[in-house]
Amino acid sequence: MPLSAFSLRARYVFPVSSEPIEHGVVTIEGGRIAAVGTAAPAGCPLDDLGDVALLPGLINAHTHLDLSNFDHPLGEPGIRLVDWIPRLLEHRAKRSESGPDAVVRGLRECLRSGTTALADFAAPNWPRDELDRCPLRVALFQELIAPTFERISPAFEMAERHFRTPPACCWQLGLGPHAPYTVRPELFDAVIDLSARSAAPVAMHLAESAEEIELLATGGGPFREMLETLGAWSPGLVPAPLRPIDYLHKLSAAPRAAVIHGNYLSGAEWAFLAKRRERMGVVYCPRSHAHFGHAAYPLGRMLAAGVNVCLGTDGRASAPDLSLVAELRFAAARHPDVAPATLLELATLAAARALGGAAEFGSLEPDKHADLTAVAVPPTPTADPHDALLHGDGPVGSTWIGGHRCLPSGEQASCPRR
Ligand SMILES: [Zn+2]
């Protein structure tokens, strides 16, 4: 074996693309996976990790890192989104709990909690230089907000600027027209057009609350009242009557699109997404969903319909932390009807598919990037190894990105891909 090769042995190896392997071994060479099996090649250094589950690196398909300084979610559990948004704007205006330092804190927290790739909704002052020091694979979706006419041009200029000076070490750049109620139709159309011209993905919050569905259908209701109070309403912002499908049709013109939340999509809208599952995904954020007390998330039915659903944490203003392992365990408790193997796929291969990285990572298969996460599992045997992972409480141990072991503190000297 070449000197750079090494092997990792774990109590359980979860390739995700195939069955878990008890006492499995993953061999890494040149930053990529060379082999997955039960033995290391002759002469290859072997590191026995002990009682851990070795997974593909976890992929957070949606977060807001600029909100990572929140110690706990805003508002009491069950708060309506229309009541939460004004409180968030108040906090953002103060900048005490958001901003560039929060992004740095969030990146470190993601790394410490076993995330190896993430998609962030980037606020305007996102500290892009930080990517030079961060090994995480970051997809940066520029957040775009223009509920009124005068904000259209500045927002579109920001979208164009986003591509002009791509940061080093950034996995990919995308556009994030925030939501139907914050983006005028003129900007939305221009952004979809720009995404097609730039071969860039798009992500949008859609069908998150019942009040949003009411706004789309009638042009009125609590959402409109909230927007008017904030001075964030303009005639024609939502040319009702509409359904999320009207936005899905437009999003489907982008090279790739992620629908954030999709809590209140209809069966017909699931069918539309299922038909385009290779380039249109839905990001379910289990604990953020629970914070707002939405109707039960129809995860099992969406998966049965063929929708490519993946997991995100959302930001710390609506979730307790940025741990995908915690999201997985929460989802396992909430959705006993969904097979544990399928749940694990939501935070790995399905997320990679949604973000356009499935050929490179998301599962442990030869030639893919050696992005791995080790999570402690109990030493006692279990009939299904997934139970040890999803129904245990073992912490994340180590994380590897491109074969490089990351520091447990989440702080790194440099990006190993530079
Ligand atoms: Zn969000």
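A polar contact is a pair of N or O atoms within 3.5 Å; within protein, one must be able to donate a hydrogen and the other to accept it, and residues adjacent in sequence count only if both atoms are side-chain atoms.

**Ground rules.** I am reading a predicted model, where local features need pLDDT of at least 70 and side-chain atom pairs count only at pLDDT 80 or more, while totals for chains, interfaces and linings use all residues. Residues are numbered from 1 along each chain as its sequence is written, and side-chain values use heavy atoms, with hydrogens and water left out.

**Entry 1: histidine 205.** I found histidine 205 in strand β10 (residues 202-206); strands (E, at least two residues) and helices (H or I, at least four) are DSSP runs, numbered from the N terminus. Histidine 205 has a relative accessible area of 4%, so it is buried (under 20%; exposed is over 50%, partly exposed in between, with a 1.4 Å probe and protein chains only). What does its side chain touch? There is a polar contact of 3.2 Å with the side chain of histidine 62. A polar atom of the histidine 205 side chain also lies 2.8 Å from the backbone oxygen of histidine 178.

**Entry 2: the zinc ion.** Which residues coordinate the zinc ion? I noted His62 (NE2), His64 (NE2), His205 (NE2) and Asp314 (OD), at 2.0 to 2.7 Å. Donors here are N, O and S atoms within 2.8 Å of the metal (3.2 Å for Na, K and Ca), and sites may look incomplete as water is not among the atoms. The spacing of the donor residues in sequence is H-x1-H-x140-H-x108-D. Histidine 62, in strand β6 (residues 58-63), and aspartate 314, in the loop between β13 and α11 (324-334), are 252 residues apart, so this pair links distant parts of the chain. Histidine 62 is buried at 1% relative accessible area, and aspartate 314 is buried at 5%.

**Entry 3: strand β12.** Is β12 (residues 280-284) enclosed or open? Five of its five residues are buried, so the strand is largely enclosed by the rest of the structure. I checked both faces: Met280, Val282 and Tyr284 cover one side, Gly281 and Val283 the other. In a regular strand the side chains alternate between the two faces of the sheet.

**Entry 4: its neighbours.** Strand β11 (residues 257-261) runs parallel to β12, joined by four bridges (strands pair if DSSP finds at least two bridges between them). Valine 259 has valine 282 as its bridge partner in β12. On β13 (residues 308-311), which also pairs with β12 in the parallel sense over four bridges, leucine 311 stands opposite tyrosine 284.
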